[in-house]
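Take a walk through this structure, starting with one chain and ending where two chains meet.

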Amino acid sequence: MDLNMDLNAPHSMGTTIIGVTYNGGVVLGADSRTSTGMYVANRASDKITQLTDNVYVCRSGSAADSQLVSDYVRYFLHQHTIQLGQPATVKVAANLIRLLSYNNKNMLETGLIVGGWDKYEGGKIYGIPLGGTLIEQPFAIGGSGSSYLYGFFDQAWKEGMTKDEAEQLVVKAVSLSIARDGASGGVVRTVVINSEGVTRNFYPGDKLQLWHEELEPQNSLLDILNSPSPEPMNI
Amino acid sequence: MSSIGTGYDLSVTTFSPDGRVFQIEYAAKAVDNSGTVIGIKCKDGIVMGVEKLIASKMILPGSNRRIHSVHRHSGMAVAGLAADGRQIVARAKSEATNYQSGYGEPIPVKELAERVASYVHLCTLYWWLRPFGCGIILGGYDRDGPQLYMVEPSGISYRYFGAAIGKGKQAAKTEIEKLNLSEMTCREGVIEVAKIIYKVHDEAKDKAFELEMSWVCDESKQQHQKVPDELLEEAKAAARTALEEMDAD
């Protein structure tokens, strides 16, 4: 084991992030692992950040970069909402993120998925990967763990899902990705956004379904101290 | 009915004892001396029309445009000092492009009107700038539907369903109020606007005029454009006929 862990390495969110549209809104999902090299700096982070009442963003890549970009965009959107006199659209939020990502591409390392609901377009997902491209998609995946999900989504994704179908899909996908990606782990957080508002959900890591070759969670070996002495064997 | 503000009207940064800024009121007079400009909001879009008084027989017809497109979805008709109007249109175009670049979507008409009004108002705050001598009628079609705004030299801007500025504005407003705009389509609106402009044109005082019209409606795919030639001719013919019928009475 490498004991010379670089505890001063920049915090990176290995991450799996997902955004999915359904019939009536969007579901955003993410894992909760923030790593500093091989050390898990935060095993219960919240990578789904609020930008406005109706628009949220999933953050991946450098934790610092993604936080700063979100903070700037939240500030701009707040002013924009005041001027406009009504909630900002998802498209505007995504565009502001894109401009920051593109114009500072040499200095930033962050992939973002913007998702939300507005009264003009309904539920929308926009993917903004590393270079600052802006692409509107029916669903988007990002982060290191997403590599393991491309085939899964090709097979499992369908148009016009219900809210529950979409949320189950997201939880399953993040869970699969946590199983295979070392840089993703912890719990699964989801945020559902539609015309009625926003709902946050939490799925503890040890309650997720076990996949191929995954073992049952091992409890602490300290349980042995508290367990009753074994019965003597009768020969 | 004009009031003299002797002593208090030399600078736009001076209030009169009864709380008026005379320079701004004088700027509005410049607008009142210009040819009539009308805008109406029909159920499916906006129609704008301008009575372009022809200064000289040697001017090429179609030149000296008074209605300008600010963005794909909106346009502006100007009354008053033409050169001042050019400045305002340029500023509006710039605001619209910057908004689109920064926010990724066309500027909402309400926002555009506010920015134009702010800019016009700005020039009433400093002694080293004079107010714009222009009235603006701004019509646009965004995702909240068709909207019509009017901006005055003071920087006030309101939203209207029918607006008129210039020489014949009183008569034009009376005519507009008679119309049933909520039931009217833009096609019908074009004819009505032409009739009104012909009607309020003062044959005695002013000689010839040229009619310039534009619209932004469902039929034009929510793009601001000149009214198509055949429709314009149809409108002019209908207006002339209506005028003759009135004279015949």
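Chain A has five helices and 13 strands; helices (H or I, at least four residues) and strands (E, at least two) are DSSP runs, numbered from the N terminus. This is a predicted model, in which local features need pLDDT of at least 70 and side-chain atom pairs pLDDT 80 or more, while totals for chains, interfaces and linings use all residues. Residues are numbered from 1 along each chain as its sequence is written, chains are lettered from A in the order in which they are written, and side-chain values use heavy atoms, without hydrogens and water.

The C-alpha atoms of chain A fill a box of roughly 85 × 45 × 30 Å along the principal axes. Of its 235 residues, 46% are buried, meaning under 20% relative accessible area with a 1.4 Å probe, protein chains only.

Now turn to the partner chain. Contact (heavy atoms within 4.5 Å) involves 11 residues from chain A and 13 residues from chain B. By class, the chain A side has five nonpolar, five polar and one charged residues; Ala, Val, Leu, Ile, Met, Phe, Trp, Tyr, Cys and Pro count as nonpolar, Asp, Glu, Lys and Arg as charged, and the others, Gly among them, as polar.

The two chains, A and B, bury about 1100 Å² between them, 44% of it on carbon and sulfur atoms. That buried area is the accessible area (1.4 Å probe) lost on being put together, summed over both parts. On the chain A side, Gln83(A), Leu84(A) and Tyr120(A) lose the most area to chain B, together 44% of what that side buries.

Note on methods: Buried means under 20% relative accessible area, exposed over 50%, partly exposed in between (1.4 Å probe, protein chains only).
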